[in-house]
Amino acid sequence: MKKLLSLIVPVFNEEEVIDISFARMDEAMRALSYEYEIIYINDGSRDGTMAHLRKIAAENEHVKVLSFSRNFGHQLAVTAGMDRAKGDALIVIDVDLQDPPEVIAKLVEAWEQGADIAYGKRLKREGETIFKKFTAFCYYRLLSAMSAYPIPLDTGDFRLLDRKVADVFLRMREHNRFLRGMSGWMGFTAVPVEYVRHERYAGSTKYTLKKMLRLAMDGILGFSDKPLTLAGWLGAAVCAVAMLGFAALLVCALTVGCAPWLWAAAGLVLLNGITLVALGVQGAYMNRMYDELKGRPLYILAEAINTKE
């Protein structure tokens, strides 16, 4: 019996690219010697994306469609696809064709050779602004430095997961999800597959600066305790600088004179700065704890096509 591959494709307002994207992904999957399913997750699209998906699913029984009641975000869309995937290996890819479907064969080859996780590593990013490339460069290196677990540089969510890896994912139900960090935390055998990331085929990116910053926070706060200890080190550094300031004030007081209110002002600024930094970091972690304690479902389905849901 042939093994089954599950291709998971999150979608948000992508009516301009969905048809050509499906054609290329379907062709890439048919070229492999495996049975396959393609699972689209409509993440609350407000354009004609869902109409295109209904048509594709009606004409192709191996295509499944899950549609959220609203936009829950990319990471939860991927999670919903993983929840329904039946494959012996799961492949996550974006619909915009920046990650070429033709690279899927290389991910599968790495899996056949024993890799539990085969992840796409970007050699080059075509069609992106200098600002996007610079911020991505800085972010991946900051995340790698702060994370307690190995997260490879210049990688996204384009990857293949063996069934046993996917089963571990299904047991991890935190709301603030960062799939790359979760993969690193597991510790399975991970192999890079290098490729050139292409320019988006059509439309505009749905990852706004706000969403990118949110994902960055999820990655750092979810997989590192360094922000907590950073507050302590920052407080110690500020205290050291403040002590030097106080020494300078003392010298001034003994020589040319110094207004008394400068002492109070320096001390007040020092204490408030330390307090605010510590409270801000603690608040970020407490907010994440609050999200988990509410116990709400990760996402809500409004429609499911070609599934048993």
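**Salt bridges and cores in a predicted model**

Asp 83 and Arg 84 join their side chains in a salt bridge at 4.0 Å, N to O (a side-chain nitrogen of Lys or Arg within 4 Å of a carboxyl oxygen of Asp or Glu). The model is predicted: local features need pLDDT of at least 70, side-chain atom pairs count only at pLDDT 80 or more, and totals for chains, interfaces and linings use all residues. Residues are numbered from 1 along each chain as its sequence is written, and side-chain values use heavy atoms, leaving out hydrogens and water.

**Salt bridges**
- The whole structure holds eleven salt bridges.
- Asp 83 is partly exposed at 23% relative accessible area, while Arg 84 is buried at 15% (buried is under 20% relative accessible area, exposed over 50%, partly exposed in between, with a 1.4 Å probe and protein chains only).
- Glu 37 and Lys 64 pair at 2.8 Å, N to O.
- Glu 37 lies in strand β2 and Lys 64 in strand β3, so their bridge ties together parts 27 residues apart in sequence (strands are DSSP runs of E, at least two residues; helices are H or I, at least four; both are numbered from the N terminus).
- Glu 37 is buried at 5%, and Lys 64 is buried at 16%.

**Nonpolar cores**
- The largest nonpolar core has 38 residues, including Leu 5 and Val 108 (a core is a set of buried Ala, Val, Leu, Ile, Met, Phe, Trp, Tyr and Cys residues joined through side-chain atoms within 4.5 Å).
- Helix α4, residues 104–112, gives this core its largest share, five residues.
- Apart from it lies another core of 26 residues, among them Phe 68 and Met 182.
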